Amino acid sequence: MGKDAVTHYKTLGENDGYSICEIELKTGRTHQIRVHFSHIGYPLAGDRMYGGITDGIGRTALHSAYCEFIHPVTGIEMSFSKMPPPDMMEYFPCFPI
């Protein structure tokens, strides 16, 4: 039997049949985001394994624009941000970060 996995999300915008979402993981399971979105009927674009449409992008359209966590050794709060790659910006030119 699998372990519990909790994912919170909100939709930030939509464009031409695609959505951009803010996702907060409460657990860290393998393929968690991909599995959960496929399960609710919205697989990630380009995600061949979980049923995503592959037209227009040659890979899974998953990008961490912002990540924040407490470092497990030092206890220091860490945060990182990065703009998405050009192929994703094509779908969302006003990518909210």
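**Loop residues up close**

Visitor: Is Tyr42 buried or exposed?
Guide: Tyr42 has a relative accessibility of 59%, and the cut-offs are under 20% for buried, over 50% for exposed and in between for partly exposed, with a 1.4 Å probe and protein chains only. Therefore Tyr42 counts as exposed.

Visitor: Happy to hear it! What should I know about the model?
Guide: This is a predicted model, where local features need pLDDT of at least 70 and side-chain atom pairs need 80 or more, while totals for chains, interfaces and linings use all residues. Residues are numbered from 1 along each chain as its sequence is written, and side-chain values use heavy atoms, without hydrogens and water.

Visitor: Where is Tyr42 found?
Guide: Helices (H or I, at least four residues) and strands (E, at least two) are DSSP runs numbered from the N terminus. Between helix H1 (32-39) and strand E3 (66-70) there is a loop, and that loop holds Tyr42.

Visitor: What is the phi of Asp16?
Guide: Most residues other than glycine have a negative phi. Asp16 sits in the loop between strand E1 (7-15) and strand E2 (18-25), and is exposed at 68% relative accessible area. Although not a glycine, Asp16 has a positive phi of about 50 degrees.

Visitor: And what is the phi of His31?
Guide: His31 belongs to the loop between E2 and H1 and is partly exposed, at 30%. Its phi is also positive, near 60 degrees.

Visitor: Which side chain makes a polar contact with the side chain of Asp47?
Guide: Asp47 lies in the loop between H1 and E3 and is buried, with a relative accessible area of 0%. A polar contact pairs N or O atoms within 3.5 Å; within protein, one must be able to donate a hydrogen and the other to accept it, and residues adjacent in sequence count only if both atoms are side-chain atoms. At 2.7 Å, the partner of Asp47 is Arg34.
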